[in-house]
Every structure is written in structure tokens, then in C-alpha cells.
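Please examine the sequence and the three-dimensional model shown below. The paragraphs that follow proceed from the overall arrangement to individual residues.

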Amino acid sequence: MKKNKKFIYLISPNTIKKKEEFYTNLTLVLKSGKVSFFQLRLKNETDPNKLIIGKKIKKICKKYKVKLLINDDPLLAK
């Protein structure tokens, strides 16, 4: 019988004020190896900011093999 694998699913805040601090903290958390999914949920950011933040977070997630989910923004997901 297979055991269900437990995982942590993180969700971003609606806006990210201190971006470099957020990236540093996200890196530390993902580096632990305990996070399986990260959902980017930027409801209160401009489209240009979403793109900049999304690219950086995508790079961090890829480095630590964490699946990145984009919430409610098909253009950003593309």
C-alpha cells in the first residue's frame, strides 16, 4: 500500500512590498525541500510588476524543483 506523500503548498501575498527580502525568504523556505507547490497570487500588483516578480519567482522555483502555479492571470502564466 502506498503512503500519501505530504507536501506544503505556499501562496504568495496579494502584493509584495520588499521584493528582495521576499526573494531571500522564499529561497530559504524552498531550499528546505519541504515545499511542493508555490502559487503566485498577485491581485494588487501592476501587470509590469507581475511580470518582473513572476520571472524571478519562476527562476527560484525551478532551482528548487517546486511547481509554480499562477492564479487568475493567463497572460502571466503564458
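In what order do the strands of the open sheet lie, and is their pairing parallel or antiparallel? The open sheet is formed by 3 strands in the order β1-β2-β3, and the pairing is parallel. At its edges lie β1 (8-11) and β3 (67-70), each of which pairs on one side only. From one strand to the next, the twist averages 20°. Two strands are taken to pair if DSSP finds at least two bridges between them.

Some conventions apply throughout. The model is predicted, with local features requiring pLDDT of at least 70 and side-chain atom pairs counting only at pLDDT 80 or more, whereas totals for chains, interfaces and linings use all residues. Residues are numbered from 1 along each chain as its sequence is written, and side-chain values use heavy atoms, with hydrogens and water left out.

The protein contains 3 helices and 3 strands; helices (H or I, at least four residues) and strands (E, at least two) are DSSP runs, numbered from the N terminus. Read from the N terminus on, the elements follow the pattern β-α-β-α-β-α. Along the principal axes, the C-alpha atoms fill a box of roughly 45 × 25 × 20 Å. The accessible surface is about 6200 Å², and carbon and sulfur atoms account for 57% of that area; such areas come from the Shrake-Rupley method with a 1.4 Å probe, and for residues only the protein chains shown count as cover. Of the 78 residues, 29% are buried. Here buried means under 20% relative accessible area, exposed over 50%, and partly exposed in between (1.4 Å probe, protein chains only). A contact requires heavy atoms within 4.5 Å. Among contacts between residues at least 6 apart in sequence, 76% join residues at least 24 apart.

Strands β1 and β2 pair in the parallel sense over 4 bridges. The chain passes from β1 through α1 to β2 in a right-handed β-α-β crossover. A crossover is called right-handed if, with the strands pointing away from the viewer, the path from the first strand over the helix to the second runs clockwise. Helix α1 (residues 19-31) lies across β1 and β2, running at about 155° to β2. Such angles run from 0 to 180 degrees between N-to-C directions, and the axes are lines fitted to C-alpha atoms, for helices over the stretch in contact.

Two of the facing positions are L40, which stands opposite I70 in β3, and F38, which stands opposite L68 in β3. The chain crosses from β2 through α2 to β3, and this β-α-β crossover is also right-handed. Helix α2 (residues 47-63) lies across β2 and β3, at about 175° to β2.

Which residues does V35 contact beyond its neighbours within four places in sequence? V35, placed in strand β2 (residues 35-40), is in contact with I8, L10, V29, L30 and V66. V35 counts as buried because its relative accessibility is 7%. Its C-alpha atom is separated by 12 Å from that of I60, 25 residues apart along the chain.

F37 is also found in strand β2. With 22% relative accessibility, F37 counts as partly exposed. Not counting residues up to four places away in sequence, F37 touches F7, I8, Y9, L10, V66, K67 and L69. F37 and L69 are 32 residues apart in sequence, and their C-alpha atoms are 7.2 Å apart.

Why does Q39 count as buried? Q39 does so because its relative accessible area is 10%. This residue of strand β2 stands opposite I11. Its side chain makes a polar contact of 2.6 Å with the side chain of Y9 and another of 3.1 Å with the side chain of N71. A polar contact is a pair of N or O atoms within 3.5 Å; within protein, one must be able to donate a hydrogen and the other to accept it, and residues adjacent in sequence count only if both atoms are side-chain atoms. Leaving aside residues up to four places away in sequence, Q39 touches Y9, L10, I11, S12, L69 and N71.
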